[in-house]
Amino acid sequence: MEGLPDLAAIDSELTQAVNAVQKTLNVKSKYFRPPFGTEGARIRQRLAAIIPDSKFIGWSVDVEDYLWALSSTPEKQLDAFQRDLARGGNLVVMHYLYPTTVQYLPQFIALAKATGKQLMRVDQCMEDPEAPPL
């Protein structure tokens, strides 16, 4: 997003992303995962204008669905997940737009639980006082 030409373009992209989450999940969230993990000054400034008290969220587990989901080897998403879990990762990024990623979700969950991880929403992970109890 930092590569977009002006603030209006950034505002448009951010607004579309926020609206998509609200429409899809029926949730209004102050947490935001920047595309590609790129968090620059312009994005921070514009997100704060759109969502006061917003928080950027990074990740430490990447299923790499953008590489593997549409390939002839979508199961490599499981390998990527396991690799990052073994490195101590605990917050996952994945995209619901890929059917194979959604298909592997039960396996991702089982693998995480097998390492003793507890599944929770981002607001719970961040110990947000407004989050529902675990």
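Helix 5 covers residues 99–114 and contains 16 residues, with helices (H or I, at least four residues) and strands (E, at least two) taken as DSSP runs numbered from the N terminus. From the first C-alpha to the last, helix 5 reaches 24 Å, close to the 22 Å expected at 1.5 Å a residue; the expected span is 1.5 Å times one less than the number of residues. The model is predicted, with local features requiring pLDDT of at least 70 and side-chain atom pairs counted only at pLDDT 80 or more, while totals for chains, interfaces and linings use all residues. Residues are numbered from 1 along each chain as its sequence is written, and side-chain values use heavy atoms, with hydrogens and water left out.

Helix 5 bends by about 45° at L105, the bend being the angle between axes fitted to the seven residues ending at a residue and the seven starting there. The buried residues of helix 5 are T100, T101, Y104, F108 and A112; buried means under 20% relative accessible area, exposed over 50%, and partly exposed in between (1.4 Å probe, protein chains only). An α-helix has 3.6 residues a turn, so residues three or four places apart point the same way. The cover over the buried residues of helix 5 includes helix 3 (65–68) and helix 4 (76–86). After helix 5 comes G116, with a positive phi near 90°.

E64 lies in the loop between strand 3 (61–62) and helix 3, and counts as buried because its relative accessibility is 15%. Apart from neighbours within four places in sequence, E64 is in contact (heavy atoms within 4.5 Å) with A80 and R83. D79 belongs to helix 4 and, at 45% relative accessibility, counts as partly exposed. The C-alpha atoms of D79 and V63 are separated by 7.9 Å, although the two residues are 16 apart along the chain.

The chain as a whole has six helices and four strands, in the order α-β-α-β-β-α-α-β-α-α along the sequence. Its C-alpha atoms fill a box of roughly 40 × 40 × 30 Å, taken along the principal axes. Of the 134 residues in the chain, 29% are buried. Among contacts between residues at least 6 apart in sequence, 62% join residues at least 24 apart.
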